[in-house]
Amino acid sequence: MKFQDFKGGVHPSQKKNTMECATVKMGIPEKIVIPMVQHIGAPCQALVKKGDSVKVGQVLGNSDAFVSVPVHSSVSGVVSSVDERIISGSKPVVCVEIKPDGLQEISEDVKPPVVDSKEAFMKAIRASGLTGLGGAGFPTHVKLNPPKDTKIDTLIINGAECEPYITSDYRECMENTSNIIEGINHVLKWTGIPRALIGIEDNKPEAIKKLAEAVDSMNSISVHSLKSRYPQGAEKMLIKTLTGREVPSGKLPSEVGCLVMNVASVSFVAEYLKTGMPLIKKRVTVDGSSVKTPKNVEVLIGTPIGEVFNFSGGFISEPAKLIMGGPMMGVALYSDEIPVMKYTNALLALDEKDGKIPQEYACIRCGRCVDVCPMNLLPFDIDRLVKANLHDELEKYSVLDCIECGACAYTCPSKRLLTQSIRLGKDVLRRRAKK
Amino acid sequence: MENTLFVNSSPHIRSEVTTQRLMLDVIIALIPAAFAGIYFFGIRAALLIAVTVISSVGFEYIIRKVLKRNNTIGDFSAAVTGLILALNLPPTLPIWMAIVGSLFAIVIVKQLFGGLGYNFVNPALAARAFLVVSYGARMTTWIQPLTKATAVDAVSYATPMGVLKGGGELPQLIDMFLGNIGGSLGETSALALIIGGIYLLARGVISWHIPVVYVGTVGLFAWIIGPEGIFTGNPLFHILAGGLMLGAIFMATDYTTSPMTKKGIVIYAFGCGLLTMLFRLFTNMPEGVSYAILLMNVAVPMIDRYTKPARFGGKAHV
């Protein structure tokens with residue numbers, strides 16, 4: 001295969017401290033908080049009320065909308081409240097809080113689905129509660145149902161894991177190798193896609209070796225070593241590297257015949273078809289300069305992150321910043337009460353030195369942001385226009401193409417908040433488009 | 001704990017490279033050239049360097065105070081401007097003229113246009129051009145380096161570019177390479193400037209594009225348009241003479257006044273080289289580097305406009 005390459009990118013210090021940390025299971029927490037939105041799409045309606053008894057795997061919320069997935073209880077116990085809370089961002093979300101009884105009784109609804117047709121497969125995927133586990137949280141059954149007139153010829157399995165610190169996908173490759181291959185085969189079978197390409201960054205040679213051995217003589221699946229360069233794991237970059245195709249501006253990967261799934265997502269598909277247990281737990285890398293013993297932890301979805309940090313030995317220094325996700329694209333949290341969600345792949349606690357927000361200096365026009373932007377945008381210009389409220393001019397800068405990878409702000413010697421400016425710019429342009 | 005957490009937009013990590021560190025690297029890279037200047041032209045060169053650096057930083061401090069803006073001397077950009085200005089001055093220039101140069105560079109060219117990142121031409125070069133216009137005689141009075149046996153202070157002496165225009169005996173190439181010739185106090189030693197340039201490249205402060213394309217273009221045209229017809233010129237003479245090395249390595253590479261994309265940078269550097277040779281060969285000015293760079297500085301917004309990168313997955317920007 002001829003390897004193409006995307007332009008730009010950065011090389012942040014990898015800090016993959018937890019690569020050799022085999023996954024450890026965390027117990028049942030004091031309480032579980034399940035938000036009704038853990039995906040991109042319509043929120044679920046809560047199907048339980050205060051005082052109800054729930055069991056493991058029971059549906060807590062669902063929606064009639066196509067772009068939505070149900071949420072399930074990760075414990076057995078009693079619903080202690082159903083109310084609106086601020087999880088991340090500024091919009092309140094309905095959350096079901098459960099007091100676990102410690103018995104972990106499994107719901108009667110949990111049984112392996114009967115899959116004998118494409119429709120049954122899609123239905124099962126939706127019922128499993130699966131959203132992209134790589135971090136974006138896009139409902140998987142929607143992804144598997146591209147528009148009728150598009151022909152998908154390549155399934156891309158994303159094991160790049162280009163963010164610093166995170167090793168949860170690496171552990172998936174090492175610990176659940178056969179599930180990954182099995183899951184890929186299920187997806188290939190029921191979608192009719194002829195081939196699958198697994199892409200993994202070359203800083204994880206063991207994972208590449210293990211998967212390559214597992215696919216061995218299968219003609220439909222191949223494993224590819226990718227150059228370690230952030231944001232190699234971004235969907236559009238990964239497609240470009242593996243197939244040479246460029247997803248057109250504003251379009252989805254299906255436009256160029258590709259469908260991208262995370263390694264953990266396909267692995268879960270295999271597991272679900274075997275057991276019927278919906279998505280109620282998640283492997284999370286716990287790391288950062290304030291964390292005593294960095295770990296890979298299998299956590300019940302809904303566990304407050306403070307408890308996960310405690311499970312990792314607590315803090316060795318007062319954390320100045322808590323992040324859900326990686327340091328390049330993760331979300332900074334304002335509280336340790338926020339629960340682990342379906343798309344959570346890492347929890348980081350950074351100390352004062354790592355977590356403080358650096359002072360912004362004047363742009364010196366050094367051009368580094370332009371060099372590293374994988375989408376070929378002009379971050380410094382967008383920053384200038386957003387700050388000056390020059391919105392008409394802003395329309396000409398393809399702002400909406402930005403994938404928010406953060407490479408520009410990372411590399412900026414003047415520590416300008418370029419990615420933040422671009423997010424503001426996107427918001428402004430979307431509002432204007434609606435008018 | 002909730003009240004003490006930082007919450008901001010990602011990314012949450014930043015590279016080690018800072019504006020301050022970049023400026024400091026430029027200062028470090030100019031140290032060999034500064035020492036070469038002092039070695040060849042004596043203590044007076046050291047005095048001029050000290051005066052322009054201190055006065056540039058001082059003017060930066062004062063004007064920011066007057067304009068009620070934050071103090072920016074800590075980013076070291078004013079010190080860089082002062083140092084580069086000194087290296088562009090004849091060793092015999094009166095001290096007060098050097099201070100006027102600092103004033104023009106920092107107050108007029110840099111701060112009145114908004115400060116670091118907003119000046120549209122290189123401040124040190126603009127100040128040099130201003131001094132040439134204002135005090136033409138003193139700005140073109142050159143002395144022989146101290147290392148030459150016949151050196152006598154304040155005796156006017158021709159630079160290699162002056163010899164080329166006015167006639168006389170051309171210096172040895174090896175003297176031009178080492179800096180053992182007349183000229184501005186920091187421009188004569190190609191060796192010292194190249195050492196600084198290699199340091200900047202190694203530190204990732206500059207890329208090779210501007211110096212290589214600029215010097216390459218000058219060499220190419222020097223060879224093509226030779227004194228005995230086409231393809232008879234000596235590229236090395238033009239490459240080592242005058243302020244080309246100082247200009248190509250340290251002044252044309254100024255971030256603020258050079259284009260943002262690699263494509264733009266190559267066009268800009270080619271333009272610098274072409275204009276330098278046009279000035280040198282077809283005007284009555286002996287030297288063209290500073291005006292070439294200043295003119296190309298002015299062209300940067302236009303170059304940026306026409307070299308916008310084609311976005312990923314689509315057509316070029318408007």
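This is a predicted model: local features need pLDDT of at least 70, side-chain atom pairs count only at pLDDT 80 or more; totals for chains, interfaces and linings use all residues.
The largest nonpolar core holds 130 residues. Within this core, A:I156, A:I157 and A:V308 touch the most other members. Helix α7 of chain A, residues 263-275, contributes most, giving seven residues. Domain 1 (118-275) and domain 2 (368-434) of chain A both supply residues, so the core lies between them. In soluble globular proteins, nonpolar side chains tend to be buried together.

A:I156 has contacts beyond its neighbours within four places in sequence. These partners are A:L197, A:G199, A:L238, A:I239, A:L242, A:C258, A:L259 and A:V260.

Chain A is assigned domain 1, residues 118-275, and domain 2, residues 368-434. Taken over C-alpha atoms, the domain centres are 29 Å apart. Seven residues of domain 1 are in contact with seven residues of domain 2. On the domain 1 side, four of the touching residues are nonpolar, two are polar and one is charged.

The two chains also meet. Chain B brings 34 residues to the contact, and chain A brings 52 residues. The chain B side divides into 15 nonpolar, 14 polar and five charged residues.

In chain B, helix α1 (residues 19-41) packs on helix α2 (residues 43-66). Their axes are 6 Å apart and the angle is about 140°. Angles over 145 degrees would count as roughly antiparallel, so α1(B) is oblique to α2(B). Helix α1(B) makes the contact through B:A34, B:G37, B:I38 and B:F41. Helix α2(B) answers with B:R44, B:A45, B:A46 and B:I49. Six of the contact residues are nonpolar, one is polar and one is charged.

Helix α2 of chain B also contains B:R64. This residue counts as partly exposed because it has 18 C-beta neighbours inside 10 Å, and burial requires 20 or more. Leaving aside neighbours within four places in sequence, B:R64 is in contact with B:R69, B:N70, B:N71, B:T72 and B:Q111. B:L112 is 48 residues away from B:R64 along the chain, yet their C-alpha atoms are separated by 9.8 Å.

A:Q58 sits in the loop between β4 (53-54) and β5 (59-62) of chain A. A:Q58 counts as buried because it has 23 C-beta neighbours inside 10 Å. Not counting residues up to four places away in sequence, A:Q58 touches A:H72, A:S73, A:S107 and A:D109. A:K111 lies 53 residues from A:Q58 along the chain, with 11 Å between their C-alpha atoms.

Some backbone features deserve a mention. A cis peptide bond links A:Y230 to A:P231, with omega about -5°. A:P231 belongs to the loop between β11 (221-226) and α6 (235-243) of chain A. In chain B, the peptide bond from B:S10 to B:P11 is cis, and its omega is near 0°. B:P11 falls in the segment before α1 of chain B.

A:Y165 is not a glycine, but its phi is positive, about 70°. A:Y165 occupies the loop between β9 (154-158) and α3 (168-175) of chain A. With 31 C-beta neighbours inside 10 Å, A:Y165 is buried. A:D216 is not a glycine either, and has a positive phi of about 30°. A:D216 is placed in the loop between α5 (205-215) and β11 of chain A. A:D216 is exposed, because 8 other C-beta atoms lie within 10 Å and the limit for exposure is 12 or fewer.

Key:
Residues are numbered from 1 along each chain as its sequence is written. Chains are lettered from A and ligands numbered from 1 in the order in which they are written. A nonpolar core is a set of buried Ala, Val, Leu, Ile, Met, Phe, Trp, Tyr and Cys residues joined through C-beta atoms within 7 Å. Helices (H or I, at least four residues) and strands (E, at least two) are DSSP runs, numbered from the N terminus. Domain bounds come from an automatic or database domain assignment. Two residues are in contact if their C-beta atoms, placed from the backbone, lie within 7 Å. Axes are lines fitted to C-alpha atoms, for helices over the stretch in contact, and angles run from 0 to 180 degrees between N-to-C directions. Angles under 35 degrees count as roughly parallel, over 145 as roughly antiparallel, 65 to 115 as roughly perpendicular and the rest as oblique. Ala, Val, Leu, Ile, Met, Phe, Trp, Tyr, Cys and Pro count as nonpolar, Asp, Glu, Lys and Arg as charged, and the others, Gly among them, as polar.
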